[in-house]
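Work through the exercises below with the coordinates open. Each task is followed by its solution in steps.

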Amino acid sequence: MNSIQFAQTLVNGIILGGVLSLVALGFSIVWGIMHVVNLAHGAFIVLGSYITYTLYTSLGIDPFLGLPLTMITLFVVGYATERWIIHWVIRAPLMAKFFITFGIGMLLENLILQVWKADVRSVTTPYSGASLAIGGVNIPLVKLAALALSILMVIVFHLFLTRTRQGNAIRSTGMDLDAARLTGVKVAPIYALTFGLSTMLAGAAGSLVSMTTSFTPDAGARYTVYAFLVSVLGGLGNVPAVLAGGMIIALIQVFVGFYAPALKDAVSFVLLVVLLLLRPQGLFGKPFTSGKAE
Amino acid sequence: MNTPLRLIGLTTIAAILAACGGAAAPAPTAAPAASTEKQPAQPAAASGACTISFGAAVSFTGSTAAEGKYTKDGYDIAKDKINEKGGIKVGDKMCKLDIKYYDDASSPDQTAQLVEKLITEDKVNFILGPYGSSSSDTAAAIVEKYKIPMIEANGAAESIFARGFKFTFAVLSPAGNYLRGILDLVKVKDPSAKKVAVVAETDKFALEVAAGAAKYAKEQGFEVVYNDKYPAKATDISSNLTVIKGLNPDVILGAGHIQDAILTIKQGKELGVNAKAWGFSVGPTAPEFRKSLGKDADYVLGAAQWTEELKLKGDANDPFSTPQDFAKAVRAKFPQGGYETTIPYQVAESAAAVFAFQRAIEKAGSLDAQKVRDAIAALDFDSFYGKVKFDERGINTFKPMAVQQNATDGGNYTVGPAESASKPFEYPAPAWGSRK
């Protein structure tokens with residue numbers, strides 16, 4: 001690997017890390033705070049991709065300009081999903097939540113299939129493949145935007161969760177539900193809000209990946225797996241950890257990919273298993289306590 | 001909330017989800033067919049004589065849903081054409097055709113289960129193949145077990161035929177031949193183009209295409225500078241492309257599915273990877289390729305089993321006679337099918353499979369599985385799809401591959417083989433930065 005290839009691979013990794021972090025952010029928040037492993041997360045991302053696609057091809061709205069629209073739509077969908085479906089099992093054991101989010105994912109995927117059909121789609125704007133070329137190294141611009149958005153979202157969410165009243169309320173429900181209730185936090189709307197925010201982020205991720213890859217209704221599963229991988233690696237209950245997790249996975253993928261591309265997924269998963277054996281809470285997560293771990 | 005209420009709520013949700021999940025799996029069956037037996041079922045069939053039932057497990061959902069639809073359309077148009085003319089002559093009876101479909105969701109394991117179901121429960125006479133080599137592979141094992149002939153039209157991997165099976169036949173050209181046409185065109189157009197990079201998805205079919213392409217390239221005097229793969233259904237192949245970029249290939253050949261072809265072009269453009277010719281085994285000939293990429297699809301070559309522009313002529317018994325006639329019929333039958341600009345070859349080859357069955361059954365004069373199987377093995381005819389003849393393994397090595405190109409004017413033209421080209425081959429593809 002010469003120095004230009006090294007630089008390009010490094011760029012590829014950081015950029016991919018930005019995309020993976022955005023994909024994983026909502027998933028990690030919901031898991032860390034609501035203790036819900038949202039197996040439908042990938043399906044929400046794909047929904048975001050399809051909405052972006054429709055806005056672009058039918059209404060001519062540029063994906064970046066339409067981003068707020070996609071995000072708001074996904075927020076509403078997520079809020080409603082939590083409030084009227086997931087909330088029924090929110091106090092149930094983890095398995096029940098697994099099943100219900102799995103079912104929601106399947107339902108969503110099939111709804112998407114009904115509405116948009118199975119054709120492979122991709123959003124290609126005139127600037128889709130644009131990249132900044134610096135000395136032999138190409139920096140893809142749309143993915144760079146995903147990285148920027150990822151960092152922005154991490155900062156915004158971190159500030160929101162730590163500095164605002166609502167944010168603190170959300171975090172308190174994740175720390176100790178009963179104590180939160182005692183201090184007057186209304187859990188139902190908080191949970192719905194949290195989930196809505198998570199799907200909103202999924203929508204943003206979907207919007208961006210719609211431009212960089214192609215998608216079909218069932219493309220969500222892969223994203224859920226990556227979200228899982230990044231969240232577990234970074235550690236739950238820690239928003240900036242998602243960025244770290246994303247970057248690390250991405251860098252492993254691209255560097256392994258350079259030498260043995262067929263093995264990159266295998267290596268990522270093996271490393272994850274090793275890490276979990278040594279440090280179950282992930283890199284930056286809070287150590288598990290005996291009381292409330294599920 | 002109290003427990004009984006929660007229980008009711010959960011049960012309701014579970015029931016709804018199960019219903020939706022269940023509803024998604026089985027595909028729409030062929031329109032008039034509700035019967036799963038060989039006897040006549042519909043009063044509409046005026047002949048009242050007999051029905052030959054075919055079974056097909058095809059991917060209507062999942063990663064190969066698009067190609068699955070083309071396959072079904074091909075089967076249906078052939079079925080309707082045959083039924084229009086009275087059906088298939090079995091001895092002295094005219095029997096209508098009926099096809100029972102199931103959705104295998106692009107999963108080879110499901111294909112095997114569904115083919116077994118078609119044979120054992122639905123008791124179909126014959127099997128029409130699924131889409132894709134992996135699915136055809138699992139289906140082949142099942143039909144061999146039950147000794148039911150299958151003609152498949154969409155599984156080109158030669159490994160399917162390496163097991164000595166007697167009941168599976170493929171009307172299409174084998175995987176190893178896919179990218180030959182592209183290399184032939186480049187060699188003639190630009191003898192100085194020497195460096196070829198081959199990148200493949202980790203998939204049975206794609207790996208065979210890549211191996212066949214690399215072997216053929218070497219035989220033709222090219223230098224294969226790169227020959228590696230990426231995981232199946234990858235969403236990022238920047239690593240492969242970064243390596244390829246450093247090797248400055250003249251030709252980049254990709255083997256995989258349409259999603260991979262789209263991804264390779266998108267990421268190739270992002271990373272500034274340039275080549276004088278880009279060719280893919282699957283993807284560029286389908287309408288969604290152009291729809292997904294817009295102008296970025298320009299110059300991209302695709303291997304095609306068949307195109308509507310080929311100068312082929314079927315023999316006297318061929319229902320469609322020429323590719324152009326077939327294309328017209330497809331457009332008339334499926335006006336909303338997305339076939340306005342291109343007819344993907346999966347439609348043609350799937351129809352060809354049904355017609356091959358027709359000829360075999362008529363030659364055998366019966367529906368006996370072994371007799372029909374032997375008749376299939378002896379087939380040798382020219383059709384709108386090309387020559388249909390099976391080698392001793394059961395695969396059609398007698399039909400050449402065509403090459404299509406996404407042209408700069410937005411159309412999709414047959415540029416190879418040279419004698420059938422409807423438009424000259426646009427070469428070289430300019431660097432990404434200098435296109436407009």
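**Exercise 1. Which residue follows H8(B), and is its phi positive or negative?**

Step 1. The residue after H8(B) is B:Gly272, and its phi is positive, near 70°. The model is predicted: local features need pLDDT of at least 70, side-chain atom pairs count only at pLDDT 80 or more, and totals for chains, interfaces and linings use all residues. Residues are numbered from 1 along each chain as its sequence is written, while chains are lettered from A and ligands numbered from 1 in the order in which they are written.

Step 2. Check the length of helix H8 (residues 258-270) of chain B. Helices (H or I, at least four residues) and strands (E, at least two) are DSSP runs, numbered from the N terminus. The expected span is 1.5 Å times one less than the number of residues. For the 13 residues of H8(B) this gives 18 Å, which agrees with the 18 Å between the end C-alpha atoms.

Step 3. Check burial. A residue is buried if 20 or more other C-beta atoms lie within 10 Å of its own, exposed if 12 or fewer, and partly exposed in between, with C-beta atoms placed from the backbone. In H8(B), 13 of the 13 residues are buried, so the helix is largely enclosed by the rest of the structure. For chain B, buried residues make up 58% of the 436 residues.

**Exercise 2. Where is B:Pro400 found?**

Step 1. B:Pro400 sits in the loop between strand E13 (386-389) and strand E14 (402-406) of chain B.

Step 2. With 17 other C-beta atoms within 10 Å, B:Pro400 is partly exposed.

Step 3. B:Gly283 is 117 residues from B:Pro400 along the chain, and their C-alpha atoms are separated by 19 Å.

**Exercise 3. Describe how H3 and H4 of chain B pack.**

Step 1. The axes of helix H3 (residues 108-120) and helix H4 (residues 133-146) of chain B come within 8 Å and cross at roughly 30°. Axes are lines fitted to C-alpha atoms, for helices over the stretch in contact, and angles run from 0 to 180 degrees between N-to-C directions.

Step 2. That makes H3(B) roughly parallel to H4(B); angles under 35 degrees count as roughly parallel, over 145 as roughly antiparallel, 65 to 115 as roughly perpendicular and the rest as oblique.

Step 3. List the contact, defined by C-beta atoms, placed from the backbone, within 7 Å. Residues of H3(B), including B:Val115 and B:Ile119, meet residues of H4(B), among them B:Ile142 and B:Tyr146. By class, this contact has 9 nonpolar, 4 polar and 3 charged residues. Ala, Val, Leu, Ile, Met, Phe, Trp, Tyr, Cys and Pro count as nonpolar, Asp, Glu, Lys and Arg as charged, and the others, Gly among them, as polar.

**Exercise 4. At what angle do the axes of H5(A) and H6(A) cross?**

Step 1. The axes of helix H5 (residues 141-163) and helix H6 (residues 165-175) of chain A come within 5 Å and cross at roughly 80°.

Step 2. H5(A) and H6(A) are therefore roughly perpendicular to each other.

Step 3. A:Phe160, A:Leu161, A:Thr162 and A:Arg163 in H5(A) meet A:Gly167, A:Ile170 and A:Arg171 in H6(A). The classes are 3 nonpolar, 2 polar and 2 charged.

**Exercise 5. How many residues of chain A are in contact with chain B?**

Step 1. The contact joins 39 residues of chain A to 42 residues of chain B.

Step 2. H4(A) supplies the largest share of the chain A side, 6 residues.

Step 3. That side divides into 16 nonpolar, 17 polar and 6 charged residues.

Technical notes. Two residues are in contact if their C-beta atoms, placed from the backbone, lie within 7 Å.
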